[in-house]
Amino acid sequence: MHLKTALRGATALSVCIAAGAATAQDTTLTIATVNNGDMIRMQALADDFTSRHPGIALDWVVLEENVLRQRVTTDIATQGGQYDVMTIGTYEVPIWAAQGWLEPLSDLPAEYDVDDLTPSIRTALTYEDTLYAAPFYGESAMVMYRTDLAQEAGVEIPAEPTWQDIMAAAEAMTDRENEVYGICLRGKPGWGENMAFLTAMANSYGARWFDMDWQPQFDSSEWQAAVSDYITMMTEYGPPGASANGFNENLALFQQGKCGMWIDATVAASFVTNPDDSAVADSVGYAMFPSKDGVDNRGNWLWAWSLAIPESSDAKDAAKQFVAWATGRDYTQLVADRDGWRAAPPGTRTSLYQNADYQAAAPFAEMTLKAMEAATPDTPSAQETPYTGGQVVAIPEFQGIGTAVGQVFSAALAGQMDADQALQNAQQLTQREMQRAGYIQ
Amino acid sequence: MARAVTTRRKAVNTAIAWTIGLLIFFPILWTFLTSFKTEAEAISSPPAFLFFDWTLENYGAVQERSNYFRHFMNSVVISIGSTVIGLIIAVPAAWAMAFVPGRQTRNVLMWMLSTKMLPPVGVLVPIYLIFRDFGLLDTRTGLVIVLTLINLPIIVWMLYTYFREIPGEILEAARMDGASLRNEIIHVLTPMAVPGIASTLLLNVILAWNEAFWTLNLTAANAAPLTAFIASYSSPEGLFYAKLSAASTMAIAPILIIGWFSQKQLVRGLTFGAVK
């Protein structure tokens, strides 16, 4: 009898343990993200989340940006349901939300403090008054320059420079014999590479991609001026082979002291001021994205890598808890405790920029915030546009068209055609693609 | 005189072959060397070739962040699985085409090859939907199926070329001695074609190991092979070349070693029938 009872007890206990083991991690979230420094840090800190949520396990799928974009787009468009959390940008959010592919983030907990999100970023991730993604880190674009070289050359770069100021400074700082080039800009073809920069630059010249009837505008005088100044600057003061330079190549050149100025994403500031990797960490100054005389528009570059939950996920509640953790205020504190305030994910929360510790640790904080506040992706150009987006045009066709136009401008930079020819080609191919897509007859 | 010309020509040919060989091998050597540099040294200009502070920190970082063994096992299962299944289907098919050709055999062979001319992305969405409905997304089974289908034309073509070199009389003799079709293929044809089958197997394992489109697009966390492992270290916003090199070295090392030890079979397989 005793033996029977003992056996029954043992059986009941083992069933309980087995059931406990099954419920201990009854939800597994598959998180797709990109291989950028801040995301890698999130992966390393994820133990904090799993210890707070013992029922949730995390599977990470880290991919290169373009591979990730193709991968998650295929999955969400076919309702594949492979991912519970996706890392996407400000470009995708409004397009995917309009398709009904994303879970609204309207019921985040009160302590998440949605009102603390940087207003411009929050607007970019909102579709029809509903937030569809939570920003993980945000960026705009600004001028990063070598204070020592500027001083040697006797030039001063104002906090809000014009393109005229930039060209004059580039000329003064260029010293080809010592492999120092006045300005480094993106030239590598791609909608997210040279076209991100060129679209922002054209915006600051008062240009726009399309008029209100979706007719391409590359034949306008504004585009003409922007592209011709870009090619002149890069040919006369830029590094050799600039048509192959993207963010990473320019980062390497700047860190090795070969660029006088570099106009690119604000997130670069934390790399170029990192003394472990950068030879010029102590002598970097910052200025706003340049504007053109008489045009009240500073580039309008705005991007946020954000976490969104696809409608096809079968673990939406757990996914929301993860998103709230990774983009919440406590996460910023967690990063600061482990890696210092300089490493805090920038650009997403106004409270970060009111934090004295952060301001002291990140000399680029003030300019980053100013650049982001100046961005108005709802009205990208000084002229009226039928589209939104800053350095992108938020229509699904832009990836293809932007890359094709990027190839044309990269070829012009490489000397294979002149600026006029490039603009003519860009006009023709954009017109053709927009006709095919049904925007124009 | 003739001998002197021959010797000189040999020397020139050898020099050209070595130059081409080194040019082709250089990117792999550079990846290997970069994997032992720090991130700052990896982008330094002028680049350091051998004289830098060798470090294993990148391998440590890669190990810490990724589950190399899981990716490796997925690669092994997917590449060997798809090749073996492919061979089981292709040996009888190639036998039929080589020894009992019909009027349409040539056309069938050309048609099979034409499937390789379609850009894979053109059929990504239909295949993705089929995989979703059959629950094959992110499974090794799904990848074995798709890679078998993709490499089948190459396997059939290679085996067909081999089998055509085997005299049909030997098979006829076996038949006269009363061998059944099954015995003829298994006990007569296959032993004679072992070198050909071995080189086909090796080449297909390498092709399947390196296949990056389907293995990246049809997997997520569970079945992702080493191609996904490499892709997770490439970054457009951040300089991680040394870590990317370490991941690449770890991913290509197994297949490089197999290729090194079986190069005779590989070369024979690739050049068989080229010179008549």
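Student: Where is A:Asp113 placed?

Tutor: A:Asp113 is in the loop that runs between α4 (92-98) and α5 (119-124) of chain A. Residues are numbered from 1 along each chain as its sequence is written, while chains are lettered from A and ligands numbered from 1 in the order in which they are written. This is a predicted model, in which local features need pLDDT of at least 70 and side-chain atom pairs count only at pLDDT 80 or more, whereas totals for chains, interfaces and linings use all residues.

Student: What is the phi of A:Asp113?

Tutor: Near 60°, a positive value in a residue other than glycine. Most residues other than glycine have a negative phi.

Student: And is A:Asp113 buried, partly exposed or exposed?

Tutor: Partly exposed, because A:Asp113 has 14 C-beta neighbours inside 10 Å. A residue is buried with 20 or more other C-beta atoms within 10 Å of its own, exposed with 12 or fewer, and partly exposed in between, with C-beta atoms placed from the backbone.

Student: What about A:Glu179, which phi does that one have?

Tutor: A:Glu179 is not a glycine, yet its phi is positive, about 55°. The residue belongs to the loop between α7 (163-173) and β8 (181-184) of chain A. A:Glu179 counts as partly exposed because 13 C-beta neighbours lie inside 10 Å.

Student: A:Thr174 next. Where is that?

Tutor: A:Thr174 lies in the loop between α7 and β8 of chain A. It has 19 C-beta neighbours inside 10 Å, so A:Thr174 counts as partly exposed.

Student: Which residues does A:Thr174 touch?

Tutor: Leaving out residues up to four places away in sequence, A:Thr174 touches A:Val180, A:Tyr181, A:Gly182, A:Tyr237 and A:Gly260. Two residues are in contact if their C-beta atoms, placed from the backbone, lie within 7 Å.

Student: Let's switch to α17 of chain A. How many residues does it have?

Tutor: Helix α17(A), residues 398-413, has 16 residues. From first C-alpha to last it reaches 21 Å, close to the 22 Å expected at 1.5 Å a residue. The expected span is 1.5 Å times one less than the number of residues. After α17(A) comes A:Gly415, with a positive phi near 90°.

Student: Which of its residues are buried?

Tutor: Among them are A:Phe398, A:Ile401, A:Val405, A:Val408, A:Phe409 and A:Leu413. The cover over the buried residues of α17(A) includes α8 (194-204), α9 (221-237) and α18 (419-436) of chain A.

Student: At what angle do α8(A) and α17(A) cross?

Tutor: Roughly 85°, with the axes coming within 9 Å. That makes α8(A) roughly perpendicular to α17(A). Axes are lines fitted to C-alpha atoms, for helices over the stretch in contact, and angles run from 0 to 180 degrees between N-to-C directions. Under 35 degrees counts as roughly parallel, over 145 as roughly antiparallel, 65 to 115 as roughly perpendicular, and the rest as oblique.

Student: Which residues meet there?

Tutor: A:Asn194, A:Met195 and A:Leu198 of α8(A) meet A:Gly402, A:Val405, A:Gly406, A:Phe409 and A:Ser410 of α17(A).

Student: And α18, where does A:Asn425 come in?

Tutor: A:Asn425 is in helix α18 of chain A. A:Asn425 counts as partly exposed because it has 19 C-beta neighbours inside 10 Å.

Student: What is the secondary structure of chain B?

Tutor: 14 helices and 0 strands. Buried residues make up 34% of its 276 residues. The C-alpha atoms of chain B fill a box of roughly 75 × 70 × 30 Å along the principal axes.

Student: Last one: what is the mean pLDDT of chain B?

Tutor: 89, with 95% of the residues of chain B at 70 or more. pLDDT is the predictor's confidence in each residue, from 0 to 100.

Notes: Helix = DSSP H or I, 4+ residues; strand = E, 2+ residues; numbered from the N terminus.
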